[in-house]
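Notebook open. I want to look up the fold, the pairing of the chains and the surroundings of the DNA.

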Number of protein chains: 2
Amino acid sequence: MDRIPLYFAFFNEIGIIAQLSRAAFEARLPDGLTVPHFSVLNHLIRVADGRTPLELARAFQVPKTSMTNTLTGLEARGLVEMRPNPADGRSKRVWLTAKGRRFRDDAIATLIPAMEGFAARFSPDDIGALVPRLAEMRAFLDAARDGAE
Amino acid sequence: MDRIPLYFAFFNEIGIIAQLSRAAFEARLPDGLTVPHFSVLNHLIRVADGRTPLELARAFQVPKTSMTNTLTGLEARGLVEMRPNPADGRSKRVWLTAKGRRFRDDAIATLIPAMEGFAARFSPDDIGALVPRLAEMRAFLDAARDGAE
DNA sequence: ACTATGTAGTTCGATATCGAACCATTTACA
DNA sequence: TGTAAATGGTTCGATATCGAACTACATAGT
């Protein structure tokens, strides 16, 4: 098929952008924090405190072992606390600490200048138009994954 | 800035698509081969045989240590050969083996059905319009990157 | 109530990623 | 020509990712 290389190119660009943006993010996060660390903090603030590890794993579409690892790192740095889940003895709930909230706010403040640079070149209108289409693709790929296993 | 969350969302979608597409690719590659392995084989065929490891590292924008690791894997599987570079005693050149060429062709044949599924939902016109814009972003991020190499 | 099955989370082991330090060779230049 | 700096590549060590197997608790079906 003639058009197949186009799709290879597409996923290739996506992959490189992900890689470069991730590196750029992490270069601006202190103390060896990674994008998953930051994303979890962010999620806990934007959505809600007190999620379970498994809920978080599903929200980010990573295996639960990866989430265990991420949460261990956050806990070791005092940015979250894990407490038993009173509603289910197998489960835990993840709570932000004051330090975690402060840290996330600081991190955002640090990341904004880099974002502004990007925003100066790629307008909010453009990006705003793109996001829903990317979200569609993400949903498609996510569904294809379930179907395939 | 009000519009900053939009950019966070954008990079978030990119990251998840990269993660899901990578997992889908690797599920269809045999023998624990990864996307970087496949990409290098593909690059050697599409561009040219006999690149040096450092050229490959730059082409994929990864650190040279990562490329060493990828090439070691390919060599161990007999898909490439590394020979000294007659023009420079420090350097090597990477050559495809017959097995490497065959492997790459087989891998593409295996990947095409999955691509067709995606193509049925997201038209070549749409994707074709997207790719140059993503390439622009990739170039921008690459230029913005701090340390070269 | 009892057993079978399912679910939440961790541990373990294999592999990938990547920075720092290192060695060998090449290039710049006094 | 001789020495300093730069370059190509690997080794080493730290950390991330993730599947398989495991433990502990929960729920369904009898």
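I start with a definition: two residues are in contact if their C-beta atoms, placed from the backbone, lie within 7 Å. I then looked up such contacts in chain A between residues at least 6 apart in sequence, and 47% of them join residues at least 24 apart. I keep in mind that this is a predicted model.

Next, the fold of chain A. I find 6 helices and 2 strands there. Along the sequence I read the pattern α-α-α-α-β-β-α-α. Taken along the principal axes, the C-alpha atoms of chain A fill a box of roughly 55 × 40 × 25 Å. I looked up burial too: of the 149 residues in chain A, 23% are buried.

Then the pair. How is chain B superposed on chain A? I get a rotation of 180° with 0.0 Å of shift along its axis, at RMSD 0.1 Å. That is the relation of a two-fold axis. I also checked the interface: 98% of the interface residues of chain B are interface residues in chain A as well, so the copies meet through the same surface.

Last, DNA strand D. I list 23 residues around it, and A:Pro63, A:Gly89, B:Leu54, B:Thr68 and B:Ser91 come nearest. Which elements each supply at least two residues of this surface? I note α4 (64-76) and β2 (88-96) of chain A, with α3 (53-60) and α4 (64-76) of chain B. The largest share, 5 residues, comes from α4(A). By type, I sort the residues of the surface near DNA strand D into 5 nonpolar, 13 polar and 5 charged.

Key
Residues numbered from 1 in each chain as written. Chains lettered and ligands numbered in written order. Predicted model: local features only at pLDDT ≥ 70, side-chain atom pairs only at ≥ 80, totals over all residues. Least-squares fit on C-alpha atoms with pLDDT ≥ 70 in both. Near = placed C-beta within 6 Å. Helix = DSSP H or I, 4+ residues; strand = E, 2+ residues; numbered from the N terminus. Nonpolar A, V, L, I, M, F, W, Y, C, P; charged D, E, K, R; others polar. Buried ≥ 20, exposed ≤ 12 C-beta atoms within 10 Å, placed from the backbone.
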